[in-house]
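I opened a notebook for this structure and wrote down what I looked up, entry by entry.

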Amino acid sequence: MSFLKINNLKANINDKEILHGLNLEVNPGEIHAIMGPNGSGKSTLASVLTGREDFTVTDGNVEFLGKDLLEMPAEDRAKEGVFLAFQYPVEIPGVSNANFLKAAVNEKRKYQGLEPMDAIDFLKLMREKAKLIEIDPSFFVRSVNEGFSGGEKKRNEIFQMAMLETKLAILDETDSGLDIDALRIVANGVNQLKSDNNAFIIITHYQRLLNYIVPDFVHVLSNGKIVKSGGKELALELEEKGYDWIKDGSK
Amino acid sequence: MSQEIKQNDDELLENLANSEYKWGFFSDIEQEFAPKGLNEDVIRFISNKKNEPEFMLKWRLKAFNFWLKMKDPSWSKVKFPPIDYQDSYYYAAPVQKNNPKSLDEVDPEILKIYEKLGLPLNEQKRLQGVAIDAVLDSVSVGTTFKDELAKVGIIFCPMSEAVQTHPELVEKYLGSVVPYTDNFFATLNSAVFSDGSFVYIPKGVRSPMELSTYFRINAASAGQFERTLIIADEDSYVSYLEGCTAPQRDQNQLHAAVVELVAHKNAEIKYSTVQNWYPGDKEGKGGVYNFVTKRGLCEGNNSKISWTQVETGSAITWKYPSCVLKGDNSVGEFYSVAMTNNFQQADTGTKMTHVGKNTKSRIVSKGISAGRSDNSYRGLVKVNKTADNARNFSQCDSLLLGDKCGAHTFPYLEIQNSSATVEHEATTSKISEDIVFYLNQRGISTEDAVALIVNGYAKEVLNQLPMEFAVEAQKLLSISLEGSVG
Amino acid sequence: MEKVNFVDKVRQLIPNEESNIPQFRLDAYNFLKDNSLPTLKNESWKYINLSFLNKYDFKFDQQFSDSIDCDCNKYAINGLDSYHIYVLNGKIDFNKSDMPQELEVEEIDNQRAFDSLDEHRQTYFTKLNDAFYKNCISLKVSKNIVIDKPIHIIYISDANTNDCLINTRRIFRFENNTEVTIIESFVTIGDSKSFYNGTADIFVGENSTIHHIKLQQDSNSDVIVDFIQANQQKYSNYVNLTFTTAGNFVRNNLNSKLNDENIEAHFLGVFIADNNNLVDNRTLVDHLKPNCFSNENYRGILFDRSTGIFNGKILVHPDAQKTNAYQSNKNILASNNATINTKPELEIYADDVKCSHGATSGALDKNSLFYLRARGIDAIKAESLLMNAFVAEVIDELKNKQLKNYLHNITRHKLNEDLKFIDNEDLINIDEL
């Protein structure tokens, strides 16, 4: 049984095909970086894997822990352990982080056939994880992302990742717009959460983040396909030469 | 506010009230009139004068009989003494020796009027890139660039001519957007309208130039009732401009026009107005009553109608250029700047009716009130049950210059579809003293500072106008403003 | 028994030529003789068809007894430490009530409404109230008094045997430097139809802070028409929350006159409607003097075939320079058969002001819904969360924590009922974190 296997994935939005047959296999304990120029389909891949309905899958399949991922609604994919750290986390006024996460955690527990957590246990868990991710408990009472700085929003994403016992985490340009301190905190969180049982797909435009989170594989996405794969040194090469040589090479 | 600035402002306000209407001249040309008053005979007279086909006379009489049963509208915020509809001429036309075949044969006295207005019609001097239909009182006196337009199949001619040459189009579309039963003034217009412009853009044609009508009321105590009909067939595009002025008179003059637009599949109509009717003097005497019905129908899928208006004139303006978004994915836009001063009253806005799926509308209204004027935005956004995913955004701002004027916002939002997104925002404020002071400190006079700020405030709308008109409109705003700050 | 239409029934009940009838009642009789129910053509009744009133066979105030045999206590709010006043068919039950000592309570036979000639008072239902109410409930708090707990007034109409129409008049006087929270609930017992037609005059003295919460959440109540006129003096603060989750037809008028400088008015509103119900909120903030502040925040969620109407007007008179007035009305249409008609109005005659209003209508934000679902929260639960949050933003403008809690809870129950969603999740009270 594969952990994650993407097979010939094709997807479009408003009748425009973005992914043109993408293949990728991810095993537990691995960190995969997906790099590529703007418009290459990086964020589309994240959206399709997590079930955003704006996109239509026209071909291919995605197997996750023996299940057909694409058959599931967005919330069930999350409950299976797929986590998307959004590029632009939404602000949800009026919903506190605490109650939002409690709902998410207990929905998942229900899915797993477990009893819901009560408020006391939940708060304990939240404090524990907050410490790990270096988040101030004052986050709990604030509305989800409302009035958060860019860095705070991204940290909140990592905090949620910790709370939800993620198996497959997809970080969609989590590094963009972060200063070096925020970047370090986010990377530190990811490194803390990394284990032999989970895997990360890190979508990024820059090599910078990969100094802090060391990938096992680097893939270059261009025009909706993976055109080149390699080890962590590929990222450095891309940083140096840009993407053009790969695009040209793929022709 | 510092004492000095305050004093400065008072002076400026004074100046403002004294600023003059520069289009107020009257031209003494020979004119012929229908008998004063309104009855079936006058309507027959007009129809006969125009040598109209039978269907037109029938339609006019139906409208007239319907009108007799109607009451003056009283619901808008404008106030005016009752109009005596029997004390007005419903037809006034310059007497022309013989029927002019081309502009060269038009009475030179008439051509002079347009020259004086800065719109020379003859071939040597006329504006390039803009075809103009010049309407004087009840009739069109000439149209420029007619032949050039005919080459690509565009029909651009006076309404009275269209009735003769393209009766099938007139019969099909006249009243199809604004039926003769629509409202008091539209019904009156249907009965007595004498001329106006007719435009037909055939399938797949993009009009190579701007089309324009210039309306001028010259005769005393004559109403002007023109009717404009623009049809954009599939995949076509046209940009149309309308300008207007009137002589300075103590009496009020009535202008009750109707404009109908039809946009078929993938067609786009852009309709711009710079309205500068005589607003009355600083005591509020005289001026034009501008009661106009303008409506566009986005009939086909992916069609678009965009209204842009700069309203600086008229004693009273009562006008709501509207869009019926029937075709799926159709788009309606309304951009408006309404400036009122002295005793002017403006009640203007728009109606966006969403019928088709994925229809979009956008409303940007900027009101500027000075003197003792009243300026109201009144608008309706209606989303029918059928209009899935309809979107509307409205922004209605008011700027107050002086403490004796009023600014009002009356938006109606009626939503019956749960997938629709409708947003309305409005603000009312005055010109910030801080900004004026900042500009003063940089050596800019208060008067110029206000003009600068108002033009900035109106920019989003002015940007929608074709270049020539934008410059004109900007000048007009500055003149109407001259130095007003509160 | 043959049914008589509403207007005729009212006319039949007008007493003939009695002596000692005060002028305001005679004026009301004449008004009711000369006028019929307002129609769609009347701008302030646009969208509303009142002909349904003809279907009922109402008995009026005079025909009811002053006591109802009911277990009133059940209408008290659980978990809220407050005083209680029970008003049965328009009359106070002093035995059942527990009131603060500082509160002066009276019942007055013929109390003319303040400003009875005001143009906003010349409506069919205010005149109906003028003509038929039995006792005016008069509450007074003398100067410099702070009432320590909210006063909860519960109006109970008896529809056990007949369709009932109760006209209630209230006058609340809060003298200078007072601080009081009033909560009003409207409930009906019995299975016949009920029509509650109320008016209230509220005087907010100098430097006083009054919280006024109106709860319309009794699903057994059918028709509520209520008219509130507040009059505020300088440095006063009047906060009104109108909270509607039930009633077939609810019409609330809320006007406040800001009669002096440095006054604050906060108009808050929540309406959640379902079935064929209609909720109509009409407000007027009347800025008469400079340097005042008003803030209005109304939110509605409409299910099924319900209709919501909001009409809010900010009126700034020429003298009222330096006015800051804000208004917001946001709505969620939760069904394709529901309708919202909203008309936020600004009518402004002073130049040095900052006024703004905004209105929106739409479905829940798709991105927010997806975000929640991507965290494993089911679509229906996500909707419930977002709708609760939408309403919470209004409720959270209040200060009393117990009251806020209570309102959050009834919102949650109401929304879950309309969403047909069973939610076992207990919420963390973030106020206690």
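The entries below go from the chains to their contacts, then to a helix and the core.

**Conventions.** I am working with a predicted model, in which local features need pLDDT of at least 70, side-chain atom pairs count only at pLDDT 80 or more, and totals for chains, interfaces and linings use all residues. I number residues from 1 along each chain as its sequence is written, and chains are lettered from A and ligands numbered from 1 in the order in which they are written.

**Which chains touch.** I found 2 pairs of chains in contact, and chains B and C share the most contacts. Between chain A and chain B I found no contact; their closest C-alpha atoms are 14 Å apart.

**Chains B and C.** Here I noted 31 residues from chain B and 31 residues from chain C. On the chain B side, strand S23 (406-415) and strand S24 (421-430) are the elements that give two or more residues. Helices (H or I, at least four residues) and strands (E, at least two) are DSSP runs, numbered from the N terminus. I then looked at pairing, which requires that DSSP finds at least two bridges between two strands. S23(B) pairs with strand S19 (residues 339-348) of chain C in the antiparallel sense, over 6 bridges. B:Thr409 is opposite C:Leu346 in S19(C).

**Chains C and A.** This contact takes 24 residues from chain C and 27 residues from chain A. On the chain C side, H5 gives the most, with 8 residues.

**Helix H1 of chain A.** I called a residue buried if 20 or more other C-beta atoms lie within 10 Å of its own, exposed if 12 or fewer, and partly exposed in between, with C-beta atoms placed from the backbone. In H1 (residues 42-50), 8 of the 9 residues are buried. Among them are A:Lys42, A:Leu45 and A:Val48. Just after H1(A), I read a positive phi of about 95° at A:Gly51.

**Core.** A nonpolar core is a set of buried Ala, Val, Leu, Ile, Met, Phe, Trp, Tyr and Cys residues joined through C-beta atoms within 7 Å. The largest one has 313 residues, and those with the most contacts inside it include A:Phe83, B:Val199 and C:Val316. Helix H5 (residues 379-395) of chain C supplies the largest share of this core, 10 residues.

Definitions and conventions: Two residues are in contact if their C-beta atoms, placed from the backbone, lie within 7 Å.
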